[in-house]
Amino acid sequence: MTPLFISVLLAAMCLECRAQKDNVLQAKGEETAAAGGTVTLHCQYESSGTSNYLFWYKQDGNNSPKFILSRVSGDQGDTAAEFKERFSSTLDSSIRSVPLKIQKLQLSDSAVYYCALQPTVTGNTKTLYKNLWSKDNRILHNIH
């Protein structure tokens, strides 16, 4: 039997970044792994903020990105119910990293995964918005 392979494209975005120093980097653009296995998607970030919120989103096909999880410190944050069983992440602020671990891979995990940064200062409660645009400037998605 031929094994199924999961293909994952990585993309990065910085939400409400204040300076050129605020960014996320996903150095490896694509991961391939066998169904049933485990994959870790890496994301490094730089920020001038005093408190940082890191997010992971999944986008498959022509659908809007889906929120997977957010991390503010260590493993503190929110994880969407549909991802709690197999998706996890721990924010390591000492090395500015927030890897996403996906276990028991399924073919449906093949998608584009976005790592996103929202640097904030204490007391900032501003709502988060990000528009993703296509090359011809048609709006594709609106993340709230």
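Three aromatic pairs occur in this structure, where rings of Phe, Tyr and Trp (its six-membered ring) pair if their centres lie within 6.5 Å, with planes under 30 degrees apart counted as stacked, over 60 as edge-to-face and the rest as tilted. The rings of Tyr57 and Phe67 have centres 6.1 Å apart and planes at 70 degrees, so this pair is edge-to-face. Tyr57 belongs to strand E6 and Phe67 to strand E7, so the pair ties together parts ten residues apart in sequence. Phe83 and Phe87 also form an edge-to-face pair, because their ring centres are 4.9 Å apart and their planes stand at 80 degrees. Ring pairs link Phe55, Tyr57 and Phe67 into a cluster.

A word on the basis: this is a predicted model, in which local features need pLDDT of at least 70, side-chain atom pairs count only at pLDDT 80 or more, and totals for chains, interfaces and linings use all residues. Residues are numbered from 1 along each chain as its sequence is written, and side-chain values use heavy atoms, leaving out hydrogens and water.

Now to burial (buried means under 20% relative accessible area, exposed over 50%, partly exposed in between, with a 1.4 Å probe and protein chains only). Tyr57 is buried at 4% relative accessibility, whereas Phe67 is partly exposed at 30%. Phe83 and Phe87 are both buried. Seven of the nine residues of E6 (residues 51-59) are buried, so this strand is largely enclosed by the rest of the structure.

Strands here are DSSP runs of at least two residues, numbered from the N terminus, and two of them pair if DSSP finds at least two bridges between them. E6 runs antiparallel to E7 (residues 66-71), joined by five bridges; Phe55 has Ser70 as its bridge partner in E7.

Technical notes. Helix = DSSP H or I, 4+ residues; strand = E, 2+ residues; numbered from the N terminus.
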